[in-house]
Protein chains: 2
Amino acid sequence: MVRFDVMTIDLQSRGPIVECVPNFSEGKRPEIVRSIANEIGSVPGIRVLDLHIDVDHNRSVVTFIGKPEAVLEAALAGVRAASRLIDMSHHKGAHPRIGATDVVPLIPVSKIEMDECITLARKLAERIWNELEIPTYLYGYAALRDDRKRLERIRLEGFEQIRDLVAIDSDSHPDFGGPQLHPKAGATIVGARDPLIAFNIDLKSSDLKMAREIASAIRERNSGLKGLKALGIYLESRSCVQISTNITRTDLVSPYRVFEKVKEEASKRGIDILRGELVGLMPLESIISSAREAIHLDSLDAKRIIDLNL
Amino acid sequence: MVRFDVMTIDLQSRGPIVECVPNFSEGKRPEIVRSIANEIGSVPGIRVLDLHIDVDHNRSVVTFIGKPEAVLEAALAGVRAASRLIDMSHHKGAHPRIGATDVVPLIPVSKIEMDECITLARKLAERIWNELEIPTYLYGYAALRDDRKRLERIRLEGFEQIRDLVAIDSDSHPDFGGPQLHPKAGATIVGARDPLIAFNIDLKSSDLKMAREIASAIRERNSGLKGLKALGIYLESRSCVQISTNITRTDLVSPYRVFEKVKEEASKRGIDILRGELVGLMPLESIISSAREAIHLDSLDAKRIIDLNL
């Protein structure tokens, strides 16, 4: 019996694994978010790894993994629950968002190619429209139009703007369904992308202009760190500003590098750092490269970690 | 066939694993050290994980793991090879050492208790004497006398001193064999201990007095970091001084904390840091705690690393 268990577990762990990190437009009522996460986690074969509730953005991020088919069902369950529990016509939040479920990224993490995640994203987008009557857009590698590869280009200023826009501009129509948005659930953006790290740094300051300057100094777009997106925002609940970043090239930039760069820019302005914040998970390689750089240990890699050699 | 392989591999990985990090008194002739490591690695079931050759100390450290019985045979094979290839009557090196194989620590790493490592160490010490005629001392948890728990208390100033001492002082006699040391191989200290991290930091200075001051300021013995041993030494080959540390309480002190403490003390004296150096391996938890502290991410733990959740 033991032998059979061992074999089963092992064969299971050999299958393809997709990560999914849907963003929901609710961060002030934790019970609502937990209820959505429970719907996701109750799909067989799904493991919810993290639940990040952001009261300032009134937004939450669920991180879960599973086999492709299970992830499809779980994402659909999450979108269904969110459409029942969140009403966009009453939602307020600083972060741009177009639906109760704003965005559903699918990420290949193990033994699966990006192509399969693209196919999965398109299937999911179609089913969200067919089964829940929520119109969907496709982004990232799953985009059907070049001008929809970037999330920001689809989302613009969010729900209110897109709701008005679809009535007058056919170019803004969803890829599946619509053209009108769902009155309560809005629309959902589904896509496939590479892994990224959502890493934020809180500063001991409430100066939003300064936070935006720092964000601008470190991001790739303004000749900062390659593969880094950054925004300066104000966090009401913590009475401080935050440099909110996405590390899209985890092979080039470590969280430590971003931290040091923000520290350098903040220090120039006489500002201290309060804390780091990780949304979701990060790859082991980024932990190792952070430690490698922080303690000047050029030769550090996974081979030098005893636990990973057992 | 595949199924059978999978099962075998998995059942193997469930067995007890011991780590062994013998220190050999040779660091100037890499081919000798590699030859010893090859003897160790050719024992079935043994994996050599690291080989650290230190030209300044004229000393090398091999890190290997395996099941208890295989580790016993591999350690014995290493001691045998060293006794054939290294002659203590001609050996010179700054680091105190009493034999061709100076010390053989056994560390329980997975599914094994310290008690079993103690038994294994005593068996090994006895066999080294019986089969190779090299007298042995037992230290750490395997010590037979309280005053031999600490390595330094056995080793004193090394081979030359102990060789003379055993002739006049019965209290210094080996636990197995002797009392005279082996004319070429000296004596070997065998023991069982908790995991430790051997982490060194090179400074941009050749001031040995200052390096010793820094080592003294950071070590536990002088009210520094709990669970930290530290020495200041001069490295001829690199023309710089080094703070050589052992982190014996990896649960209390991260390599990053040691690095920052050395940086702070060095900076007070106007000295920069050149690089970190890891001898052997370190536990995953110490990599995570280093990253956690370096990027102020209090909530970081293994659950937030995607690869460890697959």
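Into which domains is chain A divided? In this predicted model, chain A comprises domain 1, spanning 14-192, and domain 2, spanning 197-306. Chain B can be laid on chain A by a turn of 180 degrees and a shift of 0.0 Å along the axis, with an RMSD of 0.0 Å. The two copies are thus related as by a two-fold rotation axis.

**Domains of chain A**

- The centres of domain 1 of chain A and domain 2 of chain A, taken over C-alpha atoms, are separated by 26 Å.
- Domain 1 of chain A contributes 9 residues to the contact between the two domains, and domain 2 of chain A contributes 7 residues.
- On the side of domain 1 of chain A that touches domain 2 of chain A, the elements giving two or more residues are β3 (47-54) and β4 (59-66) of chain A.
- The largest share of that side of domain 1 of chain A comes from β3(A), with 3 residues.
- By class, this side of domain 1 of chain A holds 5 nonpolar, 2 polar and 2 charged residues.

**Contact between chains A and B**

- The contact between the chains takes 41 residues from chain B and 42 residues from chain A.
- On the side of chain B that touches chain A, at least two residues each are supplied by the helices α1 (2-13), α8 (255-268) and α9 (284-294) of chain B, and likewise by the strands β1 (17-20), β3 (47-54), β5 (101-110) and β11 (273-279) of chain B.
- Helix α9(B) gives the most to this side of chain B, with 6 residues.
- The side of chain B that touches chain A has, by class, 27 nonpolar, 6 polar and 8 charged residues.

**Symmetry**

- Of the residues of chain B, Ala291(B) comes closest to the rotation axis, with its C-alpha at 2.6 Å.
- The same surface serves both copies, as 100% of the contact residues of chain B recur in chain A.

**Helix packing in chain B**

- Helix α2 (residues 30-41) of chain B packs with helix α3 (residues 68-85) of chain B at an angle of about 150 degrees, and their axes are 8 Å apart.
- Because angles over 145 degrees count as roughly antiparallel, α2(B) is roughly antiparallel to α3(B).
- The crossing in which α2(B) passes α3(B) is right-handed.
- From α2(B), the residues in this contact are Ile32(B), Ser35(B), Ile36(B), Glu39(B) and Ile40(B); from α3(B), they are Ala74(B), Ala77(B), Gly78(B), Ala81(B), Ala82(B) and Leu85(B).
- By class, the contact of α2(B) with α3(B) has 8 nonpolar, 2 polar and 1 charged residues.

How values were computed
Residues numbered from 1 in each chain as written. Chains lettered and ligands numbered in written order. Predicted model: local features only at pLDDT ≥ 70, side-chain atom pairs only at ≥ 80, totals over all residues. Domains from an automatic or database assignment. Helix = DSSP H or I, 4+ residues; strand = E, 2+ residues; numbered from the N terminus. Nonpolar A, V, L, I, M, F, W, Y, C, P; charged D, E, K, R; others polar. Axes fitted to C-alpha atoms, helices over the stretch in contact; angles between N-to-C directions. Parallel < 35°, antiparallel > 145°, perpendicular 65-115°, else oblique. Left-handed = near helix turned anticlockwise from the far one by under 90°. Least-squares fit on C-alpha atoms with pLDDT ≥ 70 in both.
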